Amino acid sequence: MITLHRSQEVATAHSKGTPIVALESTIITHGMPYPQNLEVARQVEADVRAAGATPATIAVIDGQLHIGLEDALLSQLAQAKGVAKLSRADMAACIATGGTGATTVAATMIAAHLAGIAVFATGGIGGVHKGAEDTFDISADLLELAQTPVTVIAAGAKAILDVAKTLEVLETQGVPVITVGQDSFPAFWSSTSPLKSPLRMDDPAQIATAHGLRAQLGLPGGQLVANPIPAADEIPAAELAPIIATAQNDAIAHGISGKSVTPYLLQRIFELTEGRSLTANIALVRNNARLASKIAAELASNSN
Ligand code: PSU
Ligand code: MN
């Protein structure tokens, strides 16, 4: 049997049945530069605690699957070089070889579910990349949402993706896409997009109830909750569009493909916005952590 290494606070919350919110680690190792990545990881954990839940940052370190990282491990991971990016395909191999890897949305969902955690907060999910009709680059995150029963809170899908195609795949896969507080599907750094959200729910209690009902209906898979970035923190879509186009052209010119595409684009957009994309990214992750904590609290009270 695989051993789950729970942090002390996660082990306590698990045994008491108090709310837990899973957090991914790819955002730390591949999504933000050091030292901001460590500061943000600590801040998001603090936001979860302040909202009355327990944070469980998930990663594989030296072949051990960690559910919740003590601060020394978090700090080690944030500075580590050559950390693998783990999706569904890579987790077992990383553990078998004693490797160190950060979990994407897909891998974090798998580990969270194993550990009995139903709610997970991140920034943005992976999706269908622009040009996917040629590259077939469709994130494993979408298929994971279709099969693993974890409710994922994200700020929509990044505008580096083909958001319309991403919503189509989610619909085909039977994944509920629920936007909070507005009718339009949010676009990560921008609070709105021209696309209408398939579903809307403004009450965390209803989102928690819907999570439970999926299981009762015999439906596999989770829910995607789209939580718009607060308006004060957003970068308007019109301002971002030319920057994204430049980043995309640079990725093609440099022959970037596969797993490197998302980290490359995020880094390039960081440079081209002179850091504003990172400021917005931090604000939206914190906002998602707070909403996730409320949903986790509702789920915990439903099951007690
Ligand atoms: N959003 C961010 N930063 C990130 C990611 C998303 O703001 O680093 C990561 C997440 O871990 C997501 C992954 O699961 O990118 C998707 O990668 P890919 O497109 O290769 O599946
Ligand atoms: Mn991909």
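The UniProt annotation "binding site" (unreviewed entry) covers K85, V105, S139, A140 and D141. UniProt positions follow the numbering used here, feature names are shortened, and annotations may be inferred rather than shown by experiment. The model is predicted: local features need pLDDT of at least 70, side-chain atom pairs count only at pLDDT 80 or more, and totals for chains, interfaces and linings use all residues. Residues are numbered from 1 along each chain as its sequence is written, and chains are lettered from A and ligands numbered from 1 in the order in which they are written.

## Exercise 1. The annotated group

S139 sits in the loop between α7 and α8. D141 lies in helix α8. Helices (H or I, at least four residues) and strands (E, at least two) are DSSP runs, numbered from the N terminus.

Now count neighbours. A residue is buried if 20 or more other C-beta atoms lie within 10 Å of its own, exposed if 12 or fewer, and partly exposed in between, with C-beta atoms placed from the backbone. S139 has 24 such atoms, so S139 is buried. D141 has 26, so D141 is buried as well.

Last, list the contacts, that is, residue pairs whose C-beta atoms, placed from the backbone, lie within 7 Å. Leaving aside neighbours within four places in sequence, S139 is in contact with G126 and G127. On that basis D141 touches T104, V105, A106, I125 and G126.

## Exercise 2. A further annotated position

Task: is D137 buried, partly exposed or exposed?

Solution. UniProt places the feature "binding site" (unreviewed entry) at D137. D137 is found in the loop between α7 (132-135) and α8. There are 19 other C-beta atoms within 10 Å, so D137 is partly exposed. Beyond its neighbours within four places in sequence, D137 is in contact with H129, A132 and V261.

## Exercise 3. The shell of ligand 1

Task: state which residues of the shell are closest to ligand 1, and which elements supply two or more residues.

Solution. Count a residue as near if its C-beta atom, placed from the backbone, lies within 6 Å of the molecule. By that rule 17 residues surround ligand 1, and the closest are T26, G31, T104, G126 and S139. The elements giving two or more residues are α2 (26-29), α8 (140-147) and α12 (261-272).

Sort the shell by class: four nonpolar, 10 polar and three charged residues. Ala, Val, Leu, Ile, Met, Phe, Trp, Tyr, Cys and Pro count as nonpolar, Asp, Glu, Lys and Arg as charged, and the others, Gly among them, as polar. Then sort by domain: domain 1 (1-117) and domain 2 (120-304) each give at least three residues.

## Exercise 4. The domain interface

Task: describe the side of domain 1 that touches domain 2.

Solution. Take the bounds from an automatic or database domain assignment. The C-alpha centres of the two domains lie 19 Å apart. Across the boundary, 33 residues of domain 1 are in contact with 30 residues of domain 2. On the domain 1 side, β2, α3 (36-50) and α6 (105-114) give two or more residues. Helix α6 gives the most, with seven residues. By class, this side has 18 nonpolar, 11 polar and four charged residues.

## Exercise 5. Backbone details

Task: find where the backbone has a cis peptide bond, and which residues other than glycine have positive phi.

Solution. First, omega: the peptide bond from Y34 to P35 is cis, with omega near 10°. P35 lies in the loop between α2 and α3.

Second, phi: D62 has phi near 50°. D62 is in the loop between β3 (54-61) and β4 (64-67). With 11 C-beta neighbours inside 10 Å, D62 counts as exposed.

Third, F188 has phi near 65°. F188 is in the loop between β9 (177-179) and β10 (199-200).

Notes. Two residues are in contact if their C-beta atoms, placed from the backbone, lie within 7 Å.
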